[in-house]
Amino acid sequence: MSKTITRLFDSHTQALDAVADLEAAAIHPDQISLVSNNTDNWHNGHQHPSHGPGDVLGDRNGDGDNEVADGAGKGAVAGGVAGAGAGLLTGLGVLAIPGLGPVVAAGWLVATGVGAVVGAAAGGAAGGLLGVLKEAGHSDDDAQVYAEGVRRGGTLISVKAQDDEIAKVEAALDGRRGVAAASRGAVYRQAGWLGFDPAATPYDSEEIQRERRAFSQEDDVAIAEEDKRRESAEIPPSLIRPY
């Protein structure tokens, strides 16, 4: 049996670290998929330490250039979205998806859902993203939240985990501040969000930065509260002396 485990990341660097953690935990790259908003063009020449000093994402021939992004920019998208066999991150390619804007993507989610409809009519690619998430076991509500998260600047990681891999996959994703659809959807709906609209205008860079700052501040508060709770739990009441 397998289960699809998905998390939304507000920072693409945290998401890339999560991918590295997954692969270090012996999760095969073919089990992992990534879809990340690229409105700020972070993928252009991005370097990630988990691939070694000076290694550029998408550099398939080792010359220091991002061939995947370059090829995608020239219309050769299909060759860069399905992974390269040497780790998921070497197969990142750039797509333009209606309702989401420019995204960086790789893995099974892209190959079976989004990549299959590149160049289709407006709305088709977004429908593919929602459809494959639901086909993988997510509810319609959760799929809409995840798509909206990417639209707002986030990065989505989905993993096909076997039963004996579920715990370590969740630990890797949650350890890098991955967020489940239920908690993020509640925040969206509290602000009046009704659902993902593939016809909506994608967020621009300024809107994305505001979104990221807001959730980053919430994360910092939550972490501080959790640290206080753990400290209180670790100190037996009998050892706390009044002053």
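**Salt bridges and a buried helix**

(Helices, H or I with at least four residues, and strands, E with at least two, are DSSP runs numbered from the N terminus.) What you are looking at is a predicted model, in which local features need pLDDT of at least 70 and side-chain atom pairs count only at pLDDT 80 or more, while totals for chains, interfaces and linings use all residues. Residues are numbered from 1 along each chain as its sequence is written, and side-chain values use heavy atoms, with hydrogens and water left out.

The side chains of glutamate 206 and arginine 210 meet in a salt bridge, with 3.4 Å from N to O. That term stands for a side-chain nitrogen of Lys or Arg within 4 Å of a carboxyl oxygen of Asp or Glu. Glutamate 206 counts as exposed because its relative accessibility is 55%, and arginine 210 counts as partly exposed at 43%. (Buried means under 20% relative accessible area, exposed over 50%, and partly exposed in between, using a 1.4 Å probe and protein chains only.)

How many salt bridges does the structure hold? There are eleven. Another of them joins the side chains of aspartate 21 and arginine 176, at 2.7 Å from N to O. This pair links distant parts of the chain, 155 residues apart: aspartate 21 belongs to helix 1 (residues 12–24), and arginine 176 to the loop between helix 6 (166–175) and helix 7 (181–190). Aspartate 21 has 27% relative accessibility, so it counts as partly exposed; arginine 176, at 30%, also counts as partly exposed.

Now follow the chain to arginine 152, which forms a salt bridge with glutamate 211, their closest N and O atoms being 3.1 Å apart. Here, too, distant parts of the chain are linked: arginine 152 is in the loop between helix 5 (140–151) and strand 5 (155–162), and glutamate 211 is in helix 8 (residues 205–234), 59 residues away. Are these two residues buried or exposed? Both arginine 152 and glutamate 211 are buried.

Helix 5 itself deserves a look. From its first C-alpha to its last, this twelve-residue helix reaches 16 Å, close to the 16 Å expected at 1.5 Å a residue; the expected span is 1.5 Å times one less than the number of residues. Nine of its twelve residues are buried, so helix 5 is largely enclosed by the rest of the structure. Among them are Tyr146, Glu148 and Arg151. After helix 5 comes glycine 153, with a positive phi near 110°.
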